[in-house]
Amino acid sequence: MTNKDLLKIAHQHGTPVYVYDAESIRLQYEKLTSSFHSHTRFFYAAKALTNINILKYIESLGAGLDCVSINEVRLGLRAGFTNDRILFTPNCVDLKEIEDAMELKVHINIDNISILEQFGNRYGSSYPIFIRINPHIYAGGNHKISTGHIDSKFGISIHQLRHIERVMKSTNLLVEGLHMHTGSEIKDPDVFLQGLEIMFELAEHFPDLKYLDMGSGFKIPYQEGDLETDVKTLGKKVEKALSAYQKETGKKFQLWFEPGKFLVGNSGHFLVKANVIKQTTATVFCGINSGFNHLIRPMFYDSYHLIENLSNPRGAQRIYTVVGNICETDTFAWDRKLNEVRESDVLVFRNAGAYGFEMSSNFNSRLKPAEVLFLDGKAHLIRKRDEFEDLLRNQIEIL
Ligand SMILES: *Cc1c(COP(=O)(O)O)cnc(C)c1O
């Protein structure tokens, strides 16, 4: 998909619009499958981007699906994932939501002792489960996206192993998988190896274990000089660790990963229009026809998105602060060098596939953007832009 294709989409479907390149998703998936041994499986973390067409496309590649809510499970089933290819990994849900997932016969991952106990008391060994462990490895890009540290709400602490064992013993729980997910944007493959070693130690305590789920946190590059998690090296190291473990213990596990961002992040291009160029005493603002209600990552956790001016690629480079139209601080980028931006130029935010549209809202009563999937050389509209009436949907006018 070229910049020309993107401009054509902007003109045909208007802006703001999210565009996803199917080819890029496929290449990322193949990068993973070719880096790891065949008994490694990849479960796409649906929460990064759940458009039903994206789910169907990823299903067609052969991946599984990691879901954090019962509705993601339902979307996955609708998209064609069979129940054995779906893992439900919720956090702070009640037993009822877990029971709904049982009815759909998907793999279930339990992440606190309270639910583990309730589940065990009611279902014993009749339904195998995963347990989410918090290994207390501090990993990932920043505190807000790190989930494995000591005061994280995720998982059951490894220090509570005795307690887990007591519940298992008293309720006959059948634990078929152990899971950990320590954060996002982990560059260093050794963090995963460290996690795997902890899994191996824990494995002795779970006689029915079949699966070790290492979660995700694979990093993607956002700006020049950024690195992607080296999955080739990771694949080799993991393979070595697994076979050493097998030699030592005679035990063999299937390894799972749950990439979200790694699969869809780079596939996404968010197209917007420059509405206003505003020179103040110290700054040149480029005000666009979007805001953090469409792409919250920069305001939410200081993420960097590369921005380019597609309409004036040869224009002189100038420095802009790119801001949105929301009535709150709404800055996408400070002091960013762009080819001269004229009002009505089309700009693109790169690497916007993951947690972009998915975290969008109607704040300021603005409409959510459209979504386009570029597949086999053709652009397909896969979500209409919101319309005014969408703002009133579900409201009950009593006055
Ligand atoms: C968010 C999440 C992922 C995906 O993380 P990425 O950084 O997008 O790859 C995987 N597993 C679980 C349990 C998650 O919550």
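Me: What makes Asn266 and Ser267 contacts of Ser24?
Reply: Leaving aside neighbours within four places in sequence, Ser24 is in contact with Asn266 and Ser267, contact meaning heavy atoms within 4.5 Å. The model is a predicted one, in which local features need pLDDT of at least 70, side-chain atom pairs count only at pLDDT 80 or more, and totals for chains, interfaces and linings use all residues. Residues are numbered from 1 along each chain as its sequence is written, and side-chain values use heavy atoms, with hydrogens and water left out.

Me: Why is Ser24 called buried?
Reply: Buried means under 20% relative accessible area, exposed over 50%, and partly exposed in between (1.4 Å probe, protein chains only). Ser24 has 16% relative accessibility and therefore counts as buried. Ser24 is found in helix α2, residues 22–35; helices (H or I, at least four residues) and strands (E, at least two) are DSSP runs, numbered from the N terminus.

Me: Why does Leu173 count as buried?
Reply: Its relative accessibility is 5%, so Leu173 counts as buried. Leu173 lies in the loop between α7 (161–171) and β8 (175–179). Not counting residues up to four places away in sequence, Leu173 touches Leu116, Phe119, Gly120, Gly124, Ile129, Val167 and Met168.

Me: How do you know that the buried residues of α1 are on the same side of the helix?
Reply: In α1 (residues 3–13), the buried residues are Leu6, Leu7, Ile9, Ala10 and His13. They cover an arc of only 160° around the axis, which puts them on the same side of α1; the arc is that of the directions from the helix axis to the C-beta atoms. The face turned away from this buried side carries the exposed residues Lys4, Lys8, His11 and Gln12. Cover for the buried residues includes β1 (17–21), β11 (268–279), β16 (346–349), β17 (370–375) and β18 (378–383).
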